[in-house]
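Please open the model in a viewer and follow the stops below in order.

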Amino acid sequence: MDETAHQDDVTRLLEFLRDRDVPCPLCRYNLRDLTQPQCPECRHELLLTVGVTKPQFLWFLLAVAPCAFAGIAAALLLIPMTVQTLSGGGIPEAPIFVLDALGWLSFLGGLVLVRHRFAFLGQTPERQRVYAAAVWASHLLAFLAFLATILFLSGGP
Ligand SMILES: [Zn+2]
């Protein structure tokens, strides 16, 4: 930042604090009518900035939750699959492999979501809600398909 821009920021900061009660973000000292860009109490240099008061993580967490659950389920499913194969019960049925693969796929999708969390959080709450609902709907459909497969493998209703 060059010196003029810095001086502009200082001027704006001091203008903002004129006749206004604002606590120091570190020590909570009231910075009203400050004359220097420095807290008189804790001596830290101050900066005027734009922040988000309360970021909403609800829809993001709701979108990631089924992916995390599917990943755990896919890992746990490997146990009976391995036991069956090693104990001479033969290789598990193909739909079980598909189900396990879908679980891992969902887990990978969850990782992608976490990696791009700021892109998700930057959407409007309405859009975040739609994404979360889509993630849940796809997982519910996959779960119903799994139940149907189990019924089919066990001889059908
Ligand atoms: Zn302070």
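Select Asp9 and Arg12 to begin: their side chains form a salt bridge with an N to O distance of 3.2 Å, the term denoting a side-chain nitrogen of Lys or Arg within 4 Å of a carboxyl oxygen of Asp or Glu. The model is predicted: local features need pLDDT of at least 70 and side-chain atom pairs pLDDT 80 or more, while totals for chains, interfaces and linings use all residues. Residues are numbered from 1 along each chain as its sequence is written, and side-chain values use heavy atoms, leaving out hydrogens and water.

Asp9 and Arg12 are three residues apart in helix 1 (residues 3-17), and therefore separated by about one helical turn. Helices are DSSP runs of H or I with at least four residues, numbered from the N terminus. Asp9 is partly exposed at 29% relative accessibility, and Arg12 is partly exposed at 46%; buried means under 20% relative accessible area, exposed over 50%, and partly exposed in between, with a 1.4 Å probe and protein chains only.

Next, select Arg32 and Asp21, whose closest N and O atoms are 3.1 Å apart in a salt bridge. Both residues lie in the loop between helix 1 and helix 2, so the pair ties together parts that are eleven residues apart in sequence. Arg32 is partly exposed at 38%, whereas Asp21 is exposed at 52%. The count of salt bridges is two.

Finally, select helix 5, residues 125-153. Its buried residues are Gln128, Ala132 and Val135, and these pack against helix 2 (58-86) and helix 4 (117-121), contact meaning heavy atoms within 4.5 Å. Just after helix 5, Gly155 has a positive phi of about 110 degrees.

Key:
Helix = DSSP H or I, 4+ residues; strand = E, 2+ residues; numbered from the N terminus. Expected span 1.5 Å × (residues − 1).
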